Each structure stands twice: as structure tokens, then as C-alpha cells.
Amino acid sequence: MGRIRKVNHSERPSINPSPRVMLWRLPRTRGTVFELSMASVPSFEIINNPYYTAKTRGTDRQVVFDQSPPITGYSYAEVVQRLESDYPGKTAVFAKDNPASLSGNMDYLPVGYTHTFLIRDPKQSIYSYYKNVYCTTKYSSLGEHGKHKYCTNSIKMEHLWDLYCYVTNTLQQEAIVIDSDDLVTSPREIIQKYCRKTGLPFHESMLNWKAGNTNHWCPAQLQYPDVSYYQQAIDSTTFLPPEKLPGATSFLDEAIDLPGDFLEIIESNQKFHDMLCTKKL
């Protein structure tokens, strides 16, 4: 991995005052559906998983899925530049990512952003992740040990909590928390509250959008080894509660035996989830 240059927030200039919003989430928490809701607004610049792309595909990559060469424009420093760039003609910038992709490098948070956090019951999200990702051939190129280490690290809510504490305590900013179960049961109420808190202008298209709106994804992101598990989100046109999704079943009702370390992660995540729940909209 290339050396990561540290960036001091206090030394970076202020940027365009248009609303800029980061959505931080863990896998299987409906983050992609939320992103596609925001992407329905043509005047929004949407940036999908830039840190994840840096970590897995850029010149600073820490995880190597295959032997393809690193892609340009996605070092960690370039990701910061991308997030802080001016986007003429755009009324807002919205980006989404997993805090685990920061690898604890808080110096690489962009200046000028409102940080928001999407949470979901850990039992639901981890059962979903285990079934749809871990129990498949995805990430098999990492080897059994590498896949296990990568996957279990990606779903630890400790990363989300640490970032929340950094934003509120160190940056002294308000952090906005939304529960994805609230989002799919009361989408208008939650999206309108979210927009008021972040300064994003509300649009009706955020509640009903066109399927397949991933034109803002870069080609490398469409080649992610886990891209197939986004398909239900990519095909979505609105927020639906779980029972109304095509072929819906409760993961907790299925005969899935989680390994002990996944059960331990659920227990650990539950503590952070409950603390963040007290902060939600």
C-alpha cells in the first residue's frame, strides 16, 4: 500500500456553501436504496463509495480482490479532492460509504460536510450479510482466512460509533441518525426530516424514482465482487418495508446457523445500535 498523506482539517479552505452530505452505513442497511433515492434528483452530484473504492481498487488499496491494476483517481487523497471539488450546476453533493473503508483515518474526512448515519437492527443486517455475501463465492479470491477477516471487519458497528463520536466530540458537529426501519415504514416523514436537517432540498422523486439509476457509479464499482447483491436495490423504485419486497422472507425465520464470531458481532453491534437509536430522527 502507498503511504497515506495526512490532511489537517484546519488547514483546508472552506468550500462551496451548497449542501454536502455524507451518509455512513454498514452493509445490508438499505444504504444503496437511500443513495438511489437521492440520485433521483438530477441537480445532485452523487458519489458512491469513494473510500471503499480507494481501499479495494485505488493506488492506496489495502485489499486486493484480483490482479487487475489499480484505477487512477482513487487514492485516499484524490477521494478527498473529489468530495471537496466544485460541481458547477449542481445544487448539492451527496456521498455514501462504509466507515470501515476509512481504516480509522479520520484525517481523510472531507471538509464542509454534514455527516449522517443510517442504522438497522444488527440481527437483520448481519443475517442478511451472512446469507447474501459470506455464504457465497463473493470475496473468495481473498482465501478463506482473508475473506473471513475482511467480511467480519466490514460489519462491525464499532466503526460507525467511533466515527459518530469523532464527528460530535472532535469536530463539534451535529450528526444525524436515521433508522432504516423507520425509513421504509414512513419514508416521506423521514426523508423530509432528513432534508430539513441537512439542508438538502426535498423532491418528490426521492420517494418514487426510476429503477437502475446507477449512472453515477464508476466502471470499477460495477465490477465489485459483491455488486450482484445490490441488484434488489438497483431494481427498486421506492422504499418498501421488508414484507412487501419480492420474495420476502424474514432472515430470522430461516434456518441459518451463524458461526459464533458472527453472533458475537451481533451482540457487540447491538450495544452501539442501541446508543445510536437514542439519537435518531
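Trainee: Is N49 buried or exposed?

Mentor: This is a predicted model, so local features need pLDDT of at least 70 and side-chain atom pairs pLDDT 80 or more, while totals for chains, interfaces and linings use all residues. Residues are numbered from 1 along each chain as its sequence is written, and side-chain values use heavy atoms, with hydrogens and water left out. Buried means under 20% relative accessible area, exposed over 50%, and partly exposed in between, with a 1.4 Å probe and protein chains only. N49 has 2% relative accessibility, so N49 counts as buried.

Trainee: What is the phi of N49?

Mentor: Most residues other than glycine have a negative phi. N49 is found in the loop between β2 and α2. Helices (H or I, at least four residues) and strands (E, at least two) are DSSP runs, numbered from the N terminus. N49 is not a glycine, yet its phi is positive, about 45 degrees.

Trainee: Is S103 buried, partly exposed or exposed?

Mentor: S103 is found in the loop between β3 and β4. S103 is also a residue other than glycine with a positive phi, near 55 degrees. Its relative accessibility is 38%, so S103 counts as partly exposed.

Trainee: Why is strand β3 largely enclosed by the rest of the structure?

Mentor: In a regular strand the side chains alternate between the two faces of the sheet. In β3, A92, F94 and K96 on one side and V93, A95 and D97 on the other are all buried. Strand β3 (residues 92-97) is largely enclosed because its buried residues number six of the six.

Trainee: How many residues of helix α1 are buried?

Mentor: Helix α1 spans residues 31-38 and is mostly covered. Its buried residues include charged E35, as well as F34 and L36. The count for α1 is eight of its eight residues.

Trainee: What share of the protein chain counts as buried?

Mentor: The chain's secondary structure comes to 10 helices and five strands. Its accessible surface (Shrake-Rupley method, 1.4 Å probe) is about 12700 Å², with 50% belonging to carbon and sulfur atoms. Of the 281 residues, the buried share is 53%.

Trainee: How much space lies in the largest cavity?

Mentor: Rolling a probe the size of a water molecule over the atoms shows where empty space is left. On a 1 Å grid over the protein atoms alone, a cavity is a set of points where a 1.4 Å probe fits but cannot get out; lining residues have an atom within 4 Å of a point. Grid points are joined across faces, edges and corners, and a volume is the space filled by probe spheres set on the points. There are two cavities of 30 Å³ or more, and the largest holds about 160 Å³.

Trainee: Which residues are the closest to the centre of that largest cavity?

Mentor: Its lining has 16 residues. Helices α2 (50-56) and α5 each give two or more of them. The closest to the centre are P27, Y52, N98, Y150 and S154.

Trainee: Which element gives the largest share of the lining of the second largest pocket?

Mentor: A pocket is an open set with protein on both sides within 12 Å along at least five of seven lines. This one holds about 170 Å³. Its lining includes K55, V63 and Y150. Five lining residues come from the element with the largest share, helix α5 (residues 143-154).
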